[in-house]
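Hi,

Here is the model I promised to pass on to you. My notes on what turned up in it follow below.

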Amino acid sequence: MKDKVIVITGAGGVLCSTIAKAYAKQGAKVALLDLKLESAQAVADEIIKEGGIARAYAVNCLEKSTMEEARVKINSQLGKCDILVNGAGGNHPKGTTTNEYFDSADVDDETKISFFDLDEKGVDFVFKLNFLATFLTTQVFAKDMIGRGGNIINISSMNAFRPLTKIPAYSGAKASVSNFTQWLAVHFAGEGIRVNAIAPGFFVTNQNRALLFDDKGNPTARTQKILAGTPMRRFGEAEELIGTMMWLSDNGASGFVTGVVIPIDGGFSAYSGV
């Protein structure tokens, strides 16, 4: 990773900030892209304090022009992108049902969101935030890799393999990221650009913490179901993504690997519940 330029979107989040710090410790120059500049800058400050090289950039991954502006700055300040990590993504309450299973009583209950109440704008937002953001970011930064090779790693999700209850939009959007990963891998194979993805299982992040624990820090019913379906009976730690990310990033170690989506899920995808 020495002197490689790594561009990471969603870099202010728990998972991607951990990934960014790991790259920096290996001697990479890290460009931290996030909608919230202060979040990315906080990560950059930590990396710099430890002797690493990092810069933060305010970017809206749904606005191509802001990424193109960032690319010009990154090329000037750090160099051309060698590895792109598409980490921006997330869910939205308007694309989420209240209950796991349909109950006809929910249709007339204003306090509940049934399948028929899902908001099309909410669903559209989730697909844009996950698939379109990955698509547009790749359009911008993969240009740096043409004629010189490169590496693209997308952040998919375990629910791309097995859709989770309540979140049809997010499950569908992440499935599209996995499919796009395979498409890109084929499309860019002749350019020496490898494209892969990781599919994290259940990790505690700022986005899902309130769903997993109550205000007293006790696990919710959702958490109990998750852990019951995870053979290792615990949540993953962000640091446990690093080994796979580094392997995928290393052309010497994984040079013949492209178009794969690797679960990092404590056995969730292997467990049938019986």
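**Ser178 and its contacts**

Leaving aside residues up to four places away in sequence, Ser178 touches Ser156, Ala160 and Val261, where contact means heavy atoms within 4.5 Å. Ser178 sits in helix H5; helices (H or I, at least four residues) and strands (E, at least two) are DSSP runs, numbered from the N terminus. Ser178 counts as buried because its relative accessibility is 11%, with buried meaning under 20% relative accessible area, exposed over 50% and partly exposed in between (1.4 Å probe, protein chains only).

Before you go further, please note that this is a predicted model: local features need pLDDT of at least 70, side-chain atom pairs count only at pLDDT 80 or more, and totals for chains, interfaces and linings use all residues. Residues are numbered from 1 along each chain as its sequence is written, and side-chain values use heavy atoms, with hydrogens and water left out.

The largest pocket holds about 1,600 Å³ of space. It is lined by 47 residues, and the closest to its centre are Gly89, Gly90, Asn91, Thr205 and Gln207. Elements that give two or more residues to this lining are H1 (14–25), S2 (29–34), H4 (120–141), H5 (168–187), H6 (209–212) and H7 (221–228). H1 supplies the largest share, 3 residues. By class, the lining of the largest pocket has 23 nonpolar, 19 polar and 5 charged residues.

The second largest pocket has a volume of about 390 Å³. Its lining comprises 16 residues, with Arg162, Leu164, Thr165, Lys225 and Phe268 the closest to its centre. They divide into 8 nonpolar, 4 polar and 4 charged.

Grid points are joined across faces, edges and corners, and a volume is the space filled by probe spheres set on the points. Ala, Val, Leu, Ile, Met, Phe, Trp, Tyr, Cys and Pro count as nonpolar, Asp, Glu, Lys and Arg as charged, and the others, Gly among them, as polar.

H1 is largely enclosed by the rest of the structure, because 9 of its 12 residues are buried. Among them are Leu15, Cys16 and Tyr23. The cover over the buried residues of H1 includes S1, S2, H2, S4 (83–86), S5 (150–155) and H8 (242–249). After H1 comes Gly27, with a positive phi near 95 degrees.

In H2 (residues 37–49) you will find Val43, which is buried at 5% relative accessibility. Val43 touches Ala11, Gly12, Ser17, Lys21 and Leu32, not counting residues up to four places away in sequence.

H3 has Thr66, Met67, Ala70 and Ile74 as its buried residues. Seen down the axis of H3, these fall within an arc of 90 degrees, so they line one face of the helix; the arc is that of the directions from the helix axis to the C-beta atoms. Glu69, Val72 and Ser76 are exposed on the other side of H3. S1 (5–9), S2, S3 (53–58) and H4 are among what covers the buried residues of H3.

Best wishes

Key. On a 1 Å grid over the protein atoms alone, a cavity is a set of points where a 1.4 Å probe fits but cannot get out, and a pocket is an open set with protein on both sides within 12 Å along at least five of seven lines; lining residues have an atom within 4 Å of a point.
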